[in-house]
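I opened the model to look up helix packing and aromatic pairs. My notes follow.

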Amino acid sequence: MQDQATTAENRPANINHSDLMSRPAAAAYLGIAVDTLATWACTKRYNLPMVKIGRVVKYRRADLDDFIAARTVSAEVV
């Protein structure tokens, strides 16, 4: 059995638990309904990465920011 120190050493360096958001928090961050985010995950409508821990779903803030950036359109000059 591993102790906590060993487990912490094996954790990827780029994951900070404060960067993980619950589905309601992620939906609020995107300005959409929680059910919409759940539907997107179920139907795979968008390739929005999520972290599953058992039945708990979390989203990385960086992935949400990338999702927003990919859907940002610039205003065209008319």
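I call a residue buried under 20% relative accessible area, exposed over 50% and partly exposed in between (1.4 Å probe, protein chains only). This is a predicted model: I take local features at pLDDT of at least 70 and side-chain atom pairs at pLDDT 80 or more, while totals for chains, interfaces and linings use all residues. Residues are numbered from 1 along each chain as its sequence is written, and side-chain values use heavy atoms, without hydrogens and water.

**Aromatic pairs**

I searched the whole structure and got three aromatic pairs. Rings of Phe, Tyr and Trp (its six-membered ring) pair if their centres lie within 6.5 Å; planes under 30 degrees apart are stacked, over 60 edge-to-face, the rest tilted. I looked up Trp40 with Tyr46: the pair is edge-to-face, 4.6 Å centre to centre, with 75 degrees between the planes. Trp40 counts as buried because its relative accessibility is 14%. Tyr46 is at 26%, so I list Tyr46 as partly exposed.

Next I checked Trp40 with Phe67: this pair is tilted, at 5.7 Å centre to centre and 45 degrees between the planes. Trp40 sits in helix H3 and Phe67 in helix H4 (residues 61-70), so the pair ties together parts 27 residues apart in sequence. Helices here are DSSP runs (H or I, at least four residues), numbered from the N terminus. Both Trp40 and Phe67 are buried. I noted one aromatic cluster formed by Trp40, Tyr46 and Phe67.

Terms used:
Helices (H or I, at least four residues) and strands (E, at least two) are DSSP runs, numbered from the N terminus.
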